[in-house]
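Biologist: I have a chain to look at today. Could you take me through its structure?

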Amino acid sequence: MDTQPVSYATLVPAWLRLLLANPKSRLGITILVGMILVAIFAPVLAKYDPQESLGLLGARQAPSWEHPFGTTDQGYDIFAQVVFGARTSLFLGAAAALLATVLATTLGVLAAYAGGLIDEGINFLTNVFLVIPTIPLLVVLSAYLKSRGTFTMVLILGLTLWAFEARILRGQALTLRNRDFVLAAKVAGEGTWRIVFGELVPNMISRIAAAFVLVFYVSILTAAGLEFLGLGNMDATSWGVTMYWAQVNSTFLQGEWWPFFFPGLALALTVLALVFILAGVDEVSNPRLRSTGRRRRMRSMFVGGRSVFVPDPEDTR
């Protein structure tokens, strides 16, 4: 019995092939996958426990072979805190982005399709969240909440970052609701939720994916900022908490740069990766943004009494 060889196109979905073909998103995916692997294999990579002090003899050590990222003034290994902190920071950002994207997609598309009082009510709610300054609201909520665990942070971020994307998705859904495939579904007697999630949402996947990536990196940055201010879960191991204790103990003023640098670098690389992925998603979904390759060199010549630009025949690129 002959078996057909499994091709690359069969194993990899079309949308992923498009992203991997784009240099920006390919670089971003590579960095992000590296961060995810670091988070998964943190117990294997880290030689020390991130919350176990090495004592006074192990405190304030500069980066070395034994401690690649150095140690804190309390004797904690910073490399262990960074790799284990990737788990908390990535999970918090992804969970908050998922919650915000689900809310934005459901409310935005439903408002555009249903119209009438439902549209007005969702628009009013969206406008309220858009008018309220997000960062001060997060600071106030985090300061007054008794519980500041990861689940609480996910709820705070997800419930405050959905409004902007809901407005964008509503606008895109308005352009799709009168298309033939939507009208055909109405004529066939399909229900509202079936049309919203079966017809409209699948045709907005690229925009929804971009919304998820955008909220992902905004959530990571916002969570790290709140933790840096002491408004997060100080018992957890994350990049923001590591930098918080570094600034509380004034390590930089004492010439110890490594407690800030390495968690900050991990945060910056993750955000950079997500920004590159977002740029790649935009280019893949919008043909006008796609690169058409290297442009040929042009030269000027006179045709019909005026100067025009034509491809240089000597340019063989």
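Modeller: The following answers concern a predicted model, beginning with the chain as a whole and then turning to its aromatic rings.

Biologist: How many helices and strands are there in the chain?

Modeller: The chain has 14 helices and 2 strands.

Biologist: And what share of the residues count as buried?
Modeller: Of its 317 residues, 41% are buried.

Biologist: Now the aromatic rings. How many aromatic pairs does a search of the whole structure find?
Modeller: The search finds 9 aromatic pairs. One of them joins Phe 69 and Phe 262, whose ring centres are 4.1 Å apart with planes at 5°; planes under 30 degrees apart count as stacked, so this pair is stacked.

Biologist: Where do Phe 69 and Phe 262 lie?
Modeller: Phe 69 is in the loop between helix H4 (42-45) and helix H5 (78-114), while Phe 262 is in helix H14 (residues 258-285), so the pair ties together parts 193 residues apart in sequence.

Biologist: Is Phe 69 buried or exposed? What about Phe 262?
Modeller: Phe 69 is buried, at 18% relative accessible area, and Phe 262 is buried at 12%.

Biologist: Then how are the rings of Trp 257 and Phe 261 paired?
Modeller: Their centres are 5.7 Å apart and their planes stand at 75°, so the pair is edge-to-face. Trp 257 is partly exposed, with 39% relative accessible area, and Phe 261 is partly exposed at 43%.

Biologist: Which residues form the aromatic cluster?
Modeller: Phe 69, Phe 79, Trp 257, Trp 258, Phe 261 and Phe 262 form one cluster.

Definitions and conventions:
Residues are numbered from 1 along each chain as its sequence is written. This is a predicted model: local features need pLDDT of at least 70, side-chain atom pairs count only at pLDDT 80 or more; totals for chains, interfaces and linings use all residues. Side-chain values use heavy atoms; hydrogens and water are left out. Helices (H or I, at least four residues) and strands (E, at least two) are DSSP runs, numbered from the N terminus. Buried means under 20% relative accessible area, exposed over 50%, partly exposed in between (1.4 Å probe, protein chains only). Rings of Phe, Tyr and Trp (its six-membered ring) pair if their centres lie within 6.5 Å; planes under 30 degrees apart count as stacked, over 60 as edge-to-face and the rest as tilted.
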